[in-house]
Amino acid sequence: KRSIRSQHIANTILVPFQAEATVIILHSLALLQISQARPNKYFHKAISTMSSAVDTKNIITLKGSVAIVSEFFFTAINSILYQRGIYQPETFKRDSKYGLTVLTTTDAGLLTYLNQIMGQMESWLLDGDVQRLVVVVSGVDSGETLERWQFNVGVEKDGDGMAASGFGDENVAHNNVPKQTSSKKGKSLKEIHDEIQAIIRQITASVTFLPLLNEPCSFDLLVYTNKEAVVPKKWEESDPRYIMNSQEVKLRSFTTSVHKVDSMVTYKEADEWEL
């Protein structure tokens, strides 16, 4: 399997680099350097809306499920960036989503970047190629990985519950290719939003148990895909950015009746930090 990495720092533009891979992990855009910043020419793709997520009978389609999962990823990433102070709070606006007030970036460069990543994610999700998305928070000065926010994606099997969600051995292949059919369980959009709401609330509450970030930080996006996934030229392999001697907190999950997303955060132990 492989994973895809992408890093973004405020007010800078990512440029490609050649990573040393210890596992098959890919990245789309590499370490940003302000001195090498250049205009962002990536196509701005809007995140899919929920209007097509379900039909009149509340049956979730594959495309509808992909739209739900993609919008959740977009919202979760924004929440992490805000709550962990990766971007200044004044660069976020308040939106209403999932029965909550959520924060969304107003930074034009970051919005374009995230929309480009989510557009590719939607394509892989439709093909059943995504195993997990990881948001990596690392120190700009130290270069150390401080947090890994992991969202594992599973595909539901008819009558058998979920396929392997991605927790555990990362070397185990997952053949979770969704069929181009609708779920027959008829899960309502409100039920799904209630489950997503619980995860966003946990991300918001994470400041109560995560160590303070005592240095300027950047973030990476890693996307683990199947080996068969079609990878654009701008995406390259990268390392998984693991944290040694880490603590792990499992968060809630949600299902669309087509996909299931499990979430967790791993962070560097407090006694390892400079206090």
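Ring pairs join Phe72, Phe73, Phe151 and Phe254 into a cluster; rings of Phe, Tyr and Trp (its six-membered ring) are taken to pair if their centres lie within 6.5 Å, and planes under 30 degrees apart count as stacked, over 60 as edge-to-face and the rest as tilted. The model is predicted: local features need pLDDT of at least 70, side-chain atom pairs count only at pLDDT 80 or more, and totals for chains, interfaces and linings use all residues. Residues are numbered from 1 along each chain as its sequence is written, and side-chain values use heavy atoms, with hydrogens and water left out.

The structure holds eight aromatic pairs. In one of these, Phe72 and Phe73 are tilted, at 5.8 Å centre to centre and 45° between the planes. Phe72 is buried at a relative accessible area of 0%, where buried means under 20%, exposed over 50% and partly exposed in between (1.4 Å probe, protein chains only). Phe73 is likewise buried, at 0%. The rings of Phe73 and Phe151 also form a tilted pair, with centres 6.1 Å apart and planes at 55°. Because Phe73 lies in helix H1 and Phe151 in strand S6 (residues 145–157), this pair ties together parts that are 78 residues apart in sequence. Helices (H or I, at least four residues) and strands (E, at least two) are DSSP runs, numbered from the N terminus.

Phe151 is buried, at 1% relative accessibility. Beyond its neighbours within four places in sequence, its contacts (heavy atoms within 4.5 Å) include Phe72, Phe73, Ala76, Ile80, Arg132, Leu133 and Val261. One of these partners, Arg132, has its charged end over the ring of Tyr224, 4.7 Å from the ring centre; the criterion is NZ of Lys or CZ of Arg within 6 Å of the ring centre and within 35 degrees of the ring normal.

The largest nonpolar core has 55 residues, and those with the most contacts inside it are Phe72, Phe73, Trp149, Phe151, Ile200, Phe219 and Phe254. Helix H1 (residues 62–83) supplies the largest share of this core, eleven residues. Such a core is a set of buried Ala, Val, Leu, Ile, Met, Phe, Trp, Tyr and Cys residues joined through side-chain atoms within 4.5 Å.

Two backbone positions were also examined. Most residues other than glycine have a negative phi. Tyr98, however, has a positive phi of about 60°; this residue is in the loop between strand S3 (92–97) and strand S4 (100–105), and is buried at 7% relative accessible area. Arg241 also has a positive phi, near 60°. Arg241 is placed in the loop between strand S9 (236–237) and strand S10 (246–255) and counts as buried at 11%.
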